Amino acid sequence: MQTAILMAVMAIFLTFTIAEMSRNDSANMTESFKAGNVASNIFQYQDSIMQYGVANYESMHLPVSINPGHVEQVKVLDYTADQIAKYNQKNLLPFLNYKSVLFNYTPVVLGESQPMPILYVATSWDGYIDEVMPGYKNITMSEVMGKLGEDLSRRMYQGDSTYWVVPWIFSRKDNDCRILELYSQLPEDSGGNSMQAKLDNIFNLFCTELASEYVFKKYIYISPILGGPDS
């Protein structure tokens, strides 16, 4: 009887040992590491774009909305021509085929005679840059977005910054202005209601109105840019 119990315990222990070794083997660790690298690259690229927006806030941001409820003053960014690289303290090598745009938007507010828009930056992508990322072809974007979601949660709740905006990160349906999957935290509104429907509506508006100048790729990262005290 004791022998049978001992054999059963050893079998269970061996099963867990094999599972843990498989989970932490070099191949899995390499894939996880690479997915984390790509997620970090997305953060760093978007941060560079946001720093450009902050540095050029006075010219990019409309002080008063001319046409509330609609996208205004759109600027499609070119990484080279707009010298985005100088807004990063390292020589950032973009991993993905990023495409970015700055635009202003303010919702219609009843009784508001001079509504002030918010300056937004949106970056989207749908794959790797072939010539610089040949070793990452086996790392799927779903793995990358999972890492990106983890990083976002970590940054949101570490509590070491008072200047932190919650970005919208999601994928869209192919050739459609509808959200397919959300990867970032989406806080509830002041009434405790889900913001999912509001995000669906606002993205549909952004996607539709920007279409003549900027077409969103598959994966999307949108953040507001808040001006400083002198803006």
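Modeller: A residue is called buried when its relative accessible area is under 20%. The model we are looking at is predicted.

Colleague: How many helices and strands are there in the protein chain?

Modeller: The protein chain holds 5 helices and 6 strands. Read from the N terminus, the elements follow the order α-α-α-β-β-β-α-β-β-α-β.

Colleague: And what percentage of the residues is buried?

Modeller: Of the 231 residues in the protein chain, 38% are buried. As for contacts with a separation of 6 or more, 73% are between residues 24 or more positions apart.

Colleague: Let us take helix 5. Which of its residues are buried?

Modeller: The buried residues in helix 5 are Leu199, Ile202, Phe203, Phe206, Cys207 and Leu210. They lie on the same side of helix 5, because the arc they cover around the axis is only 135 degrees. An α-helix has 3.6 residues a turn, so residues three or four places apart point the same way.

Colleague: What do those buried residues pack against?

Modeller: The buried residues of helix 5 pack against strand 1 (72–77), strand 2 (99–105), strand 3, strand 4, strand 5 (179–182) and strand 6.

Colleague: How many residues does helix 5 have, and what distance does it reach?

Modeller: Helix 5 runs over residues 196–210, which is 15 residues. From its first C-alpha to its last it reaches 21 Å, close to the 21 Å expected at 1.5 Å a residue.

Colleague: How many bridges join strand 3 to strand 6?

Modeller: There are 7 bridges between strand 3 and strand 6, and the two run antiparallel. Val121 has Ser223 in strand 6 as its bridge partner. Strand 4, residues 168–172, is also antiparallel to strand 6 and is joined to it by 4 bridges. There, Phe170 stands opposite Ile220 of strand 6.

Colleague: What does Tyr128 touch, leaving out residues up to four places away in sequence?

Modeller: With those left out, Tyr128 touches Val38, Phe95, Leu96, Met133, Tyr136, Lys137, Ile139 and Val144.

Colleague: I also noticed Asp151. Is it buried or exposed?

Modeller: Asp151 has a relative accessible area of 16%, so it counts as buried. Asp151 sits in helix 4. Not counting residues up to four places away in sequence, Asp151 touches Ala39 and Phe43. From Asp151 to Gly36 the C-alpha to C-alpha distance is 8.9 Å, although the two are 115 residues apart in sequence.

Colleague: On to the rings. How many aromatic pairs does the structure hold?

Modeller: It holds 17 aromatic pairs. One of them is formed by Tyr105 and Phe206: it is edge-to-face, 5.3 Å centre to centre, with 80 degrees between the planes. Tyr105 belongs to strand 2 and Phe206 to helix 5, so the pair ties together parts that are 101 residues apart in sequence. Tyr105 is buried at 10% relative accessible area, and Phe206 is buried at 0%.

Modeller: Tyr183 and Tyr219 form a tilted pair, 6.5 Å centre to centre and with 40 degrees between the planes. This pair links distant parts of the chain, 36 residues apart: Tyr183 is in the loop between strand 5 and helix 5, and Tyr219 is in strand 6.

Colleague: Which residues do ring pairs link into a cluster?

Modeller: The cluster consists of Tyr45, Tyr79, Tyr98, Trp125, Tyr183 and Tyr219. Of these, Tyr183 is buried, with a relative accessible area of 17%, and Tyr219 counts as buried at 13%.

Notes:
Residues numbered from 1 in each chain as written. Predicted model: local features only at pLDDT ≥ 70, side-chain atom pairs only at ≥ 80, totals over all residues. Heavy atoms only, no water. Contact = heavy atoms within 4.5 Å. Pairing = 2+ DSSP bridges. Buried < 20%, exposed > 50% of the residue type's maximum accessible area, 1.4 Å probe, protein only. Expected span 1.5 Å × (residues − 1). Arc of directions from axis to C-beta. Phe/Tyr/Trp six-rings, centres within 6.5 Å; stacked < 30°, edge-to-face > 60°.
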